[in-house]
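Hello,

Here is the structure I promised to hand over. Please open it first, then read my notes below.

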Amino acid sequence: MTLGQRALGEGLGTAFLLAVVVGSGIMADRLSGGNVGLALLANSLATGAGLATLVLVFGPISGAHLNPAVSLAEAARGAIRGIDAAVACASQIAGGIAGVIVAHAMFEAPLLSVSTHERSGTGQALGEAVATFGLLAVVLVVPRHRPDATPFAIGAYIASAYWFTSSTSFANPAVTIARALTDTFAGIRPVDVPMFVVAQLVGAGLALLVFGRFATPVPQAAR
C-alpha cells in the first residue's frame, strides 16, 4: 500500500470508530430512560464490537492503528517510519472529527457542538494512563502469539476498560480530540483534553518500555 492509501485507511477507519462511539452513545442515551449504567453498557458493547470489526477491515490496508498513541509507539520502536506515523496521526485526527460530524448528522443533531461534559481530576488522568497502557500491551504482545485473535482482543479490552477505568477509557488522542466536539453522552470538555492526551501518551510510553521487547514486527504491507 502507498502512503496515501494507508493515510486514507487510517482516516476512514478512525471516522467509523468515532461514528460508532458517538452514534451509539446518542442512541444509548435516548433509549436508556435516564439509566446511565445501561447507556454505558450499550455504548461499551457497541464500541468493542465496532473496533474489532474495524481492525479486521483496515488491518490489511493501513495496519489499523486508528490511534496516534499506537502510531507513535510503532514509530518509536522502529516498526514504521516517522513520516508514516506523522501522516497517520493527522489522518486519524481529521477522520475522528469527520466521524463525529457523520454521527451528529445521522441523529439530526448540530454537526459540531463543543462538549460541556466534565472529565477532570487525577483519578481520571490515572484512568487514562492505565487504559492506554493496557491497550498498548494488547497491541504489542498479542499479534506475536495470537495474530488472528488481535482484533477481538483489542475490542474486548476496550469494552472492559469502559468499566474498570475511572475515565471510561478513551485511550486514544484522536478520539479524545474528536469527542470534545460533541455535547452528547460521549463528550469531553475541551479544557480536559490536554490532561487526557498527556496521560494517554505517558501510558503508551510506559507500555512500550515494558512490552516493546515482546512486540511482533508490523507486516511490510502495513508499513
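Helix α1 (residues 3-31) packs against helix α2 (residues 36-62) at an angle of about 165°, and their axes are 9 Å apart. Therefore α1 is roughly antiparallel to α2 (angles under 35 degrees count as roughly parallel, over 145 as roughly antiparallel, 65 to 115 as roughly perpendicular and the rest as oblique). Axes are lines fitted to C-alpha atoms, for helices over the stretch in contact, and angles run from 0 to 180 degrees between N-to-C directions. Helices are DSSP runs (H or I, at least four residues), numbered from the N terminus.

This is a predicted model: local features need pLDDT of at least 70, side-chain atom pairs count only at pLDDT 80 or more, and totals for chains, interfaces and linings use all residues. Residues are numbered from 1 along each chain as its sequence is written, and side-chain values use heavy atoms, with hydrogens and water left out.

The crossing of α1 and α2 is right-handed (the near helix is turned clockwise from the far one by less than a right angle).

Next, α4. α1 and helix α4 (residues 82-106) pack at about 35°, with axes 6 Å apart. Their crossing is right-handed. Residues of α1 that meet α4 include L3, R6 and A7.

Now the loop. N172 lies between α6 (150-164) and α7 (173-179). N172 is buried, with a relative accessible area of 4% (buried means under 20%, with a 1.4 Å probe and protein chains only). Leaving aside neighbours within four places in sequence, N172 is in contact (heavy atoms within 4.5 Å) with L17, L66, N67, P68 and Q200.

Best wishes

Terms used
Helix = DSSP H or I, 4+ residues; strand = E, 2+ residues; numbered from the N terminus. Buried < 20%, exposed > 50% of the residue type's maximum accessible area, 1.4 Å probe, protein only.
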